[in-house]
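Colleague: I am new to reading structures, and I would like to go through one with you. Could we take the features one at a time?

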Amino acid sequence: MGGHLWLVRKNVGRVDHLGRFEAQILAIMRIVVGLLFACHGAQKILGILGGVRGGGHVSYFSLFGLAGIIELVGGLMIVLGIYAAYAAFIASGEMAVAYFMAHASRAFWPIQNGGELAVLYCFVFLFIAAKGSGAWSLTRE
């Protein structure tokens with residue numbers, strides 16, 4: 001029984017000594033996720049980092065172009081912590097729409113329909129929207 005006491009301890013599954021760095025770890029997550037998201041927008045809008053299929057960039061006035069603008073501008077706002085909660089909320093919505101428009105009709109499970117990244121972005125951005133910009137941000141929400 002002594003070997004199973006961890007099941008009833010408080011904060012099971014949490015690395016307690018990292019708790020004091022929570023604000024910094026959340027900031028690093030915000031920065032990394034925002035930068036990765038901005039890279040998707042850079043592909044669409046600027047045609048860099050591999051560009052879009054067929055090369056070049058997309059029309060700014062298309063649905064794909066709007067997505068690219070949200071990804072590039074919103075991603076950079078999230079990275080810098082400039083109204084990151086608002087940018088993350090919009091980015092979360094974009095990822096939800098992208099999931100249902102591009103992936104959900106293929107299969108039920110995201111692992112089967114290629115939508116895991118959209119789902120992950122959606123919920124990480126929803127978390128950032130709820131938590132705010134946090135540490136190392138240019139604005140505080």
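**Pockets, contacts and surfaces**

Modeller: Let's start with the second largest pocket: it has 13 lining residues, and those nearest its centre are Leu26, Lys131, Gly132, Ser133 and Gly134. Keep in mind that this is a predicted model, where local features need pLDDT of at least 70 and side-chain atom pairs pLDDT 80 or more, while totals for chains, interfaces and linings use all residues. Residues are numbered from 1 along each chain as its sequence is written, and side-chain values use heavy atoms, without hydrogens and water.

Colleague: What does a pocket mean here?

Modeller: On a 1 Å grid over the protein atoms alone, a pocket is an open set of points where a 1.4 Å probe fits, with protein on both sides within 12 Å along at least five of seven lines; lining residues have an atom within 4 Å of a point. The volume is the space filled by probe spheres set on the points, and for the second largest pocket that comes to about 150 Å³.

Colleague: Which helices supply at least two residues of the lining of the second largest pocket?

Modeller: H1 and H5 do, and H1 gives the most, with six residues. By type, the lining of this second largest pocket has seven nonpolar, three polar and three charged residues. In that count Ala, Val, Leu, Ile, Met, Phe, Trp, Tyr, Cys and Pro are nonpolar, Asp, Glu, Lys and Arg charged, and the others, Gly among them, polar.

Colleague: How many helices and strands are there in the protein?

Modeller: The protein has five helices and zero strands, which reads along the sequence as α-α-α-α-α. Helices are DSSP runs (H or I, at least four residues; strands are E, at least two), numbered from the N terminus.

Colleague: And what is the volume of the largest pocket?

Modeller: The largest pocket holds about 780 Å³ of space. Its lining has 25 residues, and the closest to its centre are Lys44, Phe64, Glu71, Met95 and Ala98. The elements that give two or more residues to this lining are H1, helix H2 (63-80), helix H3 (84-102) and helix H5 (116-131). Sorted by type, the lining of the largest pocket has 14 nonpolar, six polar and five charged residues.

Colleague: You named Lys44 and Glu71 by that centre. Which contact do Glu71 and Lys44 form?

Modeller: Glu71 and Lys44 form a salt bridge, with the closest N and O atoms 2.6 Å apart. Since Glu71 is in helix H2 and Lys44 in helix H1, the pair ties together parts that are 27 residues apart in sequence. The term means a side-chain nitrogen of Lys or Arg within 4 Å of a carboxyl oxygen of Asp or Glu.

Colleague: Are Glu71 and Lys44 buried or exposed?

Modeller: Both Glu71 and Lys44 are buried. Buried means under 20% relative accessible area and exposed over 50%, with partly exposed in between (1.4 Å probe, protein chains only). In the protein, buried residues make up 32% of the 141 residues.

Colleague: How many salt bridges are found in the whole structure?

Modeller: The search finds two. One joins the side chains of Lys131 and Glu22, at 3.9 Å from N to O. This pair links distant parts of the chain, with Lys131 in helix H5 and Glu22 in helix H1, 109 residues apart. Lys131 counts as partly exposed because its relative accessibility is 47%, and Glu22 does so because its value is 43%.

Colleague: Why does Cys122 count as buried?

Modeller: Cys122 is buried because its relative accessible area is 11%. Cys122 lies in helix H5. The C-alpha atoms of Cys122 and Ala96 are 6.0 Å apart, although 26 residues separate the two along the chain. Now turn to Phe100, in helix H3: Phe100 counts as exposed because its relative accessibility is 61%. From Phe100 to Ala118, 18 residues apart along the chain, the C-alpha separation is 9.5 Å.

Colleague: What should I know about phi angles?

Modeller: Most residues other than glycine have a negative phi. Here, Leu49 has a positive phi of about 60 degrees and is not a glycine. Leu49 sits in the loop between H1 and H2, and it counts as exposed because its relative accessibility is 53%. Trp136 also has a positive phi, near 55 degrees, and lies in the segment after H5.
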